[in-house]
Amino acid sequence: MNDLSEFGHDPWWLILAKALIVFVFLLLTTLVAILAERKVMAWMQTRVGPNRVGPMGLLQSLADGVKLALKEGIIPRGIDKPIYLLAPIIAVIPAIMAFAVIPFGPVVSVFGHRTPLQLTDLPVAVLYILAVTSVGVYGIVLAGWASGSTYPLLGGLRSTAQVISYEIAMGLTFAAVFLHAGTMSTSGIVDGQLDTWYVFLLLPSFVVYVFSMVGETNRAPFDLPEAEGELVGGFHTEYSSLRFAMFMLAEYINMATVSALAATMFLGGWHAPWPLSIWDGANSGWVPLIWFVAKVWGFLFFFIWLRATLPRLRYDQFMTLGWKILIPVSLGWVMVVATIRALRVEGHDIGSVVDVIAGVVFAIALLAVFWVMSRSKRRRAGEANAGPDLSAPFDPMAGGFPVPPLTGQSRPGQTSRGQTGSALPATTRSEPTPASQPVPMKESSDA
């Protein structure tokens, strides 16, 4: 699984063609994903969705891209202009670079040259992906800082906390994968899943990675750096035209990147799912491209489903999930995987069944923790929202100032016919003026 002899022998035109194909694939995926997101969310929310531009609205994404490219670019005053202009580029380029080590398929023949369907591979490809995706977030941080405005700055600060919280958990899931596979090469990790996918052997790592990839891409319900409810638009509030489009491009390319990485690390990469894998031609030639793209789009649909379903988390909930749940769970699971790996190195015969059992037990424990925490939160929320006891005597001056009673509460002195006496204490009650006695009036100074 550490054999990288197939890489590094391509002619220059084939390397250029591969890079161009990866770039075009990401652009087309972005255009289709934006349209699919609007269509799927409209279907989930019983709305119409885009249906004007092109047949059935299929050209809506292209029209939006042309509109953004042709709009006037507005640069506000008081910004750090070099960093302000550089931030969208920093956000886009690392997202594309991460695809350099993603395997799309096996070795094929292109015009007589045998080449893997992968731009390149490295002995430390997993660490390369972590490093590149970490750099991409600096585009968001610098955009918020360079905009010279309060709300983009808050969005950038939130992004910093988000990266620190969820990058650690994501790195720990990768550690479990390459500990089990025995290699950091992405092609080697895919080859190691020929018989059994790591989603079954490393189920807790997969669950934590799903949470982490949503947090890393700033997607709902973890889209706190661009929370329009409290930050107007977040880090890209002061951006317009093509620079704003670049941030949107970076977001959707990052979605495709983490989806492809999830398929590579846990779902067998370009390997066909069972029972299609029984067919000899399912994992050879150009056919595995179909399985890989289908897995990527399955995760993209998951992103859209989350956005149409879940509301945004509060900031304290977001931090609690990252630091108190995901990171401790990942650390504990890495220790379990490392123990099993060490036992195998020492010569003990431990099959894959032990991995599956350990993963299922750990996943059940994780779900139990979630269930207990959610029950305690619901109980506390129910106690806080229970409201006052309507059967208790009503005191209008309990808060220091008179308040009206709620529906169902009875005021002191209320009779069966609904007539009420004074709710104020007797010491503050004023004597009524008899009807026969004239009310004294203050003489006007103008009389």
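Tutor: The largest pocket holds about 950 Å³ of space. A pocket is an open set of points on a 1 Å grid over the protein atoms alone where a 1.4 Å probe fits, with protein on both sides within 12 Å along at least five of seven lines; lining residues have an atom within 4 Å of a point. The volume is the space filled by probe spheres set on the points, which are joined across faces, edges and corners.

Student: Which residues are closest to its centre?

Tutor: Of 33 lining residues, I34, L68, F244, M248 and Y252 are the closest to the centre of the largest pocket.

Tutor: This is a predicted model, in which local features need pLDDT of at least 70, side-chain atom pairs count only at pLDDT 80 or more, and totals for chains, interfaces and linings use all residues. Residues are numbered from 1 along each chain as its sequence is written, and side-chain values use heavy atoms, without hydrogens and water.

Student: New topic: where is T183, and is it buried or exposed?

Tutor: T183 is in the loop between α5 (150–181) and α6 (186–191); helices are DSSP runs of H or I, at least four residues, numbered from the N terminus.

Student: What lies 3.1 Å from its side chain?

Tutor: A polar atom of the T183 side chain is 3.1 Å from the backbone nitrogen of S185.

Student: And what is Y209 in contact with?

Tutor: Leaving aside neighbours within four places in sequence, Y209 is in contact (heavy atoms within 4.5 Å) with M170, T173, F174, V258, L261, A262 and F266.

Notes
Helices (H or I, at least four residues) and strands (E, at least two) are DSSP runs, numbered from the N terminus. A polar contact is a pair of N or O atoms within 3.5 Å; within protein, one must be able to donate a hydrogen and the other to accept it, and residues adjacent in sequence count only if both atoms are side-chain atoms.
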